[in-house]
Amino acid sequence: MSDKTFSDSVSASVAMAPAETARPGGAWALLVSELTVLFRRRRTWALLLALAAVPVLIAVAVRLSSQAPTTGRGPPFLDQVTQNGLFVAVTGLIVSIPLFLPLTVGVVAGDTIAGEAGLGTLRYLLAAPAGRVWLLVVKYIGAAVFCLAATFTVVTAGVLAGLALFPVGPLTLLSGDTISLAESFLRAVLIAGYVTVSLLGLSAIGLFFSTLTVVPVGAMAATIVLSVVAQVLDSLPQLDWLHPWLFSHYWLDFADLLRQPIDFTSFGTNALLQGGYLLVFGALAYGRFVTKDILS
Amino acid sequence: MTPATRAGELAIETRALTKRFGHQIAVDAIDLAVPLGSVFGFLGPNGSGKTTSIRVMLGLAAATSGEVSVLGESMPGRLARVLPQVGALVEGPAFYPFLSGAANLRRLDSADRAAPTRNRRARVDRALERVGLSNAAGKKVSAYSLGMKQRLGIANALLMPRRLLVLDEPTNGLDPQGTREVRALVRSLAGEGTTVFVSSHLLAEVEHMCTHAAIMSAGRLVAQGTLDELRAGEARVRVRTPDAAAAIRVLAGAGLVAELEPAPDGRGADRSSDADHWVSAPIELPRRGRAAPAEQGSSSAGGQLAEEDIVDALVAGGVRVRGFHVQDTSLEDRFVALTGEGFDVVR
């Protein structure tokens, strides 16, 4: 670099002077950036596309098959798909909940801190300084927004596939009542909200695992394995006493939202349980991350 | 360390800073004093604790014991106040490979609460321009070469006006042109009043850009001060002459222990009568460039001779002097003397 660059740099620093008077970006800038980066990643889109494929596959399979689905075989609500396409969304969610959704959430939540540590960007974020607590909060919000995006992807893809391939009209609920099309969309949104809340506990667990390692794949795998283990434990009658404490226990209990009037009891119980997991694993993640030496 | 550096304000100060990993001591009670406004070289072989010290200074790792203050504030207690004024490149650049260079800088800049959002793009563009990456700003970092990533890492440290820059091995992976550019950049930043703390294992680099330096070895701080202070000590006087034997005799008469240097091509000393040889001897000179009155012609016990007296003596002794110069101790000699020779990592 010669004289030219030197004068450039001097003028650059002069031009930078207004930076000091401009209003600081504040803490929210990092949240905006986190969400931008999350949804600019090809990986995120691949996960969402895979999720969208689940209801579409169900719809296409049912449409192409000559025999009508019989009650009691296949996933719940599958037999209703041919009568009302909106059930594609519900069936899609039910099929995705045990594995596909926890898988994608495990990938995103397990990657939160460990991914940054693995890339080495964690040290630059903290040297900026992002603040360790705020970074944890931002990362958790990012994972939670992904949960929302994931469930809404399944529901939206299901509704669209249902609209395209099956008759859609007023919906007959489990209670026998019939609701208008507009209200049935509202119910779909409610169910998506229920499933999103269901995944918040798992996201907190993933965040905690993510603070333990610099290998993101490890944290992802641990989170996903734990979600499977919880469901296995939930299926063993010998462990009845444990079931209400498992974060996966209420995952499929959104049928109450398909009754008239809507029964919010299960929604509340589930939200309380997920809040408990968020509190415990959030505290563990905080305890681990705030004192951790960043050596990656 | 001289009283002068102690008196000035310090950009970085550590007191008995120690960092242990299990039983291993990575940093062993170092007392570092980096004066404000200096370009400070932090030297040491690989694994001597440089990067660990930097991590502790930036609050990335906690000290096992001892204190650190940066820009007059204690760390990591006042981290949120200190770090926005510090630009850092720690243990190599690190970026999101799936984002472009500019997007990476915007991402890292958004983590700094003090950084205004309004002129973020402009500041990112300026930082990229400053390290010569404007043309690659839109390229994904996964397509960057090591040298380009290194430049991007330096650009990241320059996103905001900084009072202190901590650059860990800034010329790693750069070609000679890039190395020169970094040196010029550091000099221009220092000219603007920024304190620059550069860690390196490349001595030439430190000799080229630094005003002060410290030398680490196996976790301990073995020397620090201005470059002149570090280099102070023995110099060597070197004489190019075909009359090697006579030169050695004359120098011995002046109290200097001279020796014949082996020929550079490894042939050994060529004894043919007219070939040039280099004869050299360690010498302690009065500080040159300072007003120390040379004790004329005295070959006192310390061997305090003026250069011209040596030449006089050689010529008077019938030695055909074809070349003569006095070589200061290079930082390299000093470095090797303090940290030991050889490639083995000490720990």
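Author: Let's start with pairing: two strands pair if DSSP finds at least two bridges between them. Helices (H or I, at least four residues) and strands (E, at least two) are themselves DSSP runs, numbered from the N terminus. With that in hand, take Arg20(B), whose bridge partner in E2(B) is Ile25(B). This is a predicted model, and local features need pLDDT of at least 70, side-chain atom pairs count only at pLDDT 80 or more, while totals for chains, interfaces and linings use all residues. Residues are numbered from 1 along each chain as its sequence is written, and chains are lettered from A and ligands numbered from 1 in the order in which they are written.

Reader: What makes E1(B) and E2(B) a pair?

Author: DSSP gives four bridges between E1(B) and E2(B), in the antiparallel sense. Pairing takes at least two, so E1(B) and E2(B) qualify. The two strands form a hairpin with two residues between them, and Gly22(B) takes a positive phi near 65° there.

Reader: Which other strands does E1(B) pair with, and over how many bridges?

Author: Strand E1 (residues 10-21) of chain B is joined to E3(B) by three bridges, and the two run antiparallel.

Reader: What does Leu32(B) touch?

Author: Not counting residues up to four places away in sequence, Leu32(B) touches Ile12(B), Glu13(B), Thr14(B), Ala214(B), Leu221(B) and Gln224(B). A contact means that the C-beta atoms of two residues, placed from the backbone, lie within 7 Å. Ala16(B) is 16 residues from Leu32(B) in sequence and 8.6 Å away, C-alpha to C-alpha.

Reader: How do you know that Pro102(A) is buried?

Author: Pro102(A) has 27 other C-beta atoms within 10 Å, which makes it buried. The residue lies in helix H5 (residues 100-119) of chain A. Leaving aside neighbours within four places in sequence, Pro102(A) is in contact with Leu202(A), Ile224(A) and Ser227(A).

Reader: What makes H8(A) roughly parallel to H11(A)?

Author: The axes of helix H8 (residues 181-198) and helix H11 (residues 265-290) of chain A cross at roughly 25° and come within 9 Å. That angle makes H8(A) roughly parallel to H11(A), as angles under 35 degrees count as roughly parallel, over 145 as roughly antiparallel, 65 to 115 as roughly perpendicular and the rest as oblique. The axes are lines fitted to C-alpha atoms, for helices over the stretch in contact, and angles run from 0 to 180 degrees between N-to-C directions.

Reader: Which residues meet where H8(A) and H11(A) touch?

Author: From H8(A) come Tyr194(A), Val197(A) and Ser198(A); from H11(A) come Phe267(A), Asn270(A), Ala271(A) and Gln274(A). They divide into four nonpolar, three polar and no charged. Nonpolar covers Ala, Val, Leu, Ile, Met, Phe, Trp, Tyr, Cys and Pro; charged covers Asp, Glu, Lys and Arg; the others, Gly among them, are polar.

Reader: What makes E13(B) and E15(B) edge strands?

Author: Strand E13 (259-260) and strand E15 (323-327) of chain B each pair on one side only. Their open sheet of four strands has the order E13-E14-E12-E15, with antiparallel pairing. Within the sheet, seven bridges join strand E12 (residues 235-241) to strand E14 (residues 277-283) of chain B, and Arg238(B) stands opposite Ser280(B). Helix H10 (residues 244-253) of chain B lies across E12, E13 and E14, at about 15° to E14(B).

Reader: How many residues of chain A are in contact with chain B?

Author: 41 residues of chain A are in contact with 38 residues of chain B. On the chain A side, helix H1 (3-21), helix H2 (28-40) and helix H6 (121-127) each give two or more residues, and the largest share, 11 residues, comes from H1(A). By class, that side has 25 nonpolar, 10 polar and six charged residues.

Key. A residue is buried if 20 or more other C-beta atoms lie within 10 Å of its own, exposed if 12 or fewer, and partly exposed in between; C-beta atoms are placed from the backbone.
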